[in-house]
Amino acid sequence: MIDLRSDTLTMPDLPMLKTILTAPLGDDGRVGPDGRGEDATVNELEDLAARLTGKEAALLFPTGTLANTCGVLAWSSAGDPVLVHEQQHLLLTEKFLFDDRFCRMKPVRYRMTPQMVPDAEQIDRLFAESGARLLCLENSHNFSGGYCIPVNQMRRLREVADRHHASIHLDGARLFHAAASLGVTVDQIAAYTDTVMFCISKGLGAPVGSLLCGSREVIARVRPLRHLLGGGMRQAGVIAAPGLWALRHNLSRLQEDIDNARLAAGLLQGKLTRLTMQKEVQTNLLVLGMGSIGVSPDEFCRRAAEKGLLIRPVLSDSVRLVFYKGVTKEDARGAARILLELDREL
């Protein structure tokens with residue numbers, strides 16, 4: 001079975017798991033005079049995350065959802081308007097910030113340009129019309145198929161936000177794949193943000209965890225908020241140690257995931273008659289549109305599974321393939337073969 005449902009399925013290898021056995025541990029929930037927890041391994045991971053993103057400090061979270069939530073709450077309060085892309089993950093899937101039962105934030109939705117980057121002119125106008133003071137970005141962008149925001153566009157968005165005295169929070173769940181695709185370092189992208197979240201539990205291959213990075217002052221404000229929302233942890237070095245391994249050993253192989261996604265896309269290019277494919281594969285995601293073919297995404301995924309390919313529906317009219325550590329070139333070729341068979345059968 002070829003499983004391309006998500007890069008959250010990446011399995012930790014033995015060297016990564018062995019780091020847990022020797023990691024120095026402490027109580028991360030007990031904060032000392034320096035504002036840090038007592039788990040040395042967590043502190044080491046947070047320091048590394050801050051250096052990689054070019055920020056002053058970082059904070060470990062059990063999930064990206066919680067890290068995004070706290071990142072947004074660092075800049076906005078319940079009921080505030082917030083600029084988000086109309087298909088942004090924290091709006092459509094994480095939801096907490098915009099749920100009427102909880103934060104009740106008001107989403108001010110912006111679109112992508114034909115080049116699949118956030119529309120800076122529209123964002124400028126929406127800031128003026130809404131009075132919002134926060135722009136949420138996603139790089140790479142999940143539901144579009146992993147499109148990246150180039151550094152020059154990040155700079156332009158920063159200029160727009162600054163004109164309106166607004167902050168920028170970046171959902172960088174797959175930020176390291178975006179950097180690999182763009183041929184830049186992560187800190188070059190993050191330089192134009194006030195807070196940035198990235199996951200160690202997706203393409204980087206660690207079992208659990210996400211980091212929120214920003215200034216020391218912001219991270220100090222967010223730490224008690226993490227505790228309030230149930231994200232406080234004790235001997236969290238057992239989570240941090242695999243994350244350290246991932247950041248020290250798994251970054252150089254991310255291009256392999258991108259190459260496999262592009263390989264599958266290349267084998268499909270010009271051969272699909274019913275399914276539609278995104279214009280360009282930039283990272284480790286590939287989204288196929290179902291259009292009006294008369295089969296729901298759920299049914300399409302069921303038929304794919306019968307042929308040996310596990311994929312998942314996204315939005316209401318698409319399916320998504322995700323390439324990650326452990327997925328081979330042969331898997332990419334096999335996935336393309338199954339998709340072509342299904343396309344002919346529709």
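Predicted model: local features only at pLDDT ≥ 70, side-chain atom pairs only at ≥ 80, totals over all residues.
**Strands, cores and a helix pair**

His-85 stands opposite Tyr-110 in strand S4.

His-85 belongs to strand S3, residues 81-85. Five residues make up S3, and 4 of them are buried, so the strand is mostly covered. In general, strands of a sheet pair through backbone hydrogen bonds, either parallel or antiparallel.

How many residues of S6 are buried? The count is 5 of the 5, so S6, residues 167-171, is largely enclosed by the rest of the structure. As a general point, the side chains of a regular strand alternate between the two faces of the sheet. In S6 both faces are covered: Ile-168 and Leu-170 lie on one side, Ser-167, His-169 and Asp-171 on the other, and all are buried.

I turn now to the nonpolar cores. The largest has 49 residues, and those touching the most other members are Leu-60, Leu-83, Phe-127, Leu-135, Leu-137, Phe-198 and Leu-211. Leaving aside residues up to four places away in sequence, Phe-127 touches Leu-83, Ala-132, Arg-133, Leu-134, Leu-135, Val-160, Ala-161, His-164 and Ala-166. Another core, of 32 residues, lies apart from the largest one; among its members are Leu-268, Val-281, Met-290 and Ala-335.

Next, please consider an open sheet of 4 strands, in the order S9-S10-S13-S12, with antiparallel pairing. Which strands stand at its edges? They are S9, 276-277, and S12, 312-314; each has a single partner strand, so one side of each is left without a neighbour in the sheet. S12 pairs with S13, residues 318-322, in the antiparallel sense over 3 bridges, and Arg-312 stands opposite Arg-320 in S13.

Helix H11 lies across S9 and S10, running at about 30° to S10. H11, residues 254-268, also packs with helix H7, residues 175-182, at an angle of about 75°, with the axes 9 Å apart. That angle makes H7 roughly perpendicular to H11. From H7, Phe-176, His-177, Ala-180 and Ser-181 meet Leu-254, Gln-255, Asp-257, Ile-258 and Arg-262 of H11. The residues of this contact divide into 4 nonpolar, 3 polar and 2 charged.

Thank you for your attention.

Technical notes: Residues numbered from 1 in each chain as written. Heavy atoms only, no water. Axes fitted to C-alpha atoms, helices over the stretch in contact; angles between N-to-C directions. Helix = DSSP H or I, 4+ residues; strand = E, 2+ residues; numbered from the N terminus. Parallel < 35°, antiparallel > 145°, perpendicular 65-115°, else oblique. Contact = heavy atoms within 4.5 Å. Nonpolar A, V, L, I, M, F, W, Y, C, P; charged D, E, K, R; others polar. Core = buried A, V, L, I, M, F, W, Y, C linked by side-chain atoms within 4.5 Å. Buried < 20%, exposed > 50% of the residue type's maximum accessible area, 1.4 Å probe, protein only. Pairing = 2+ DSSP bridges.
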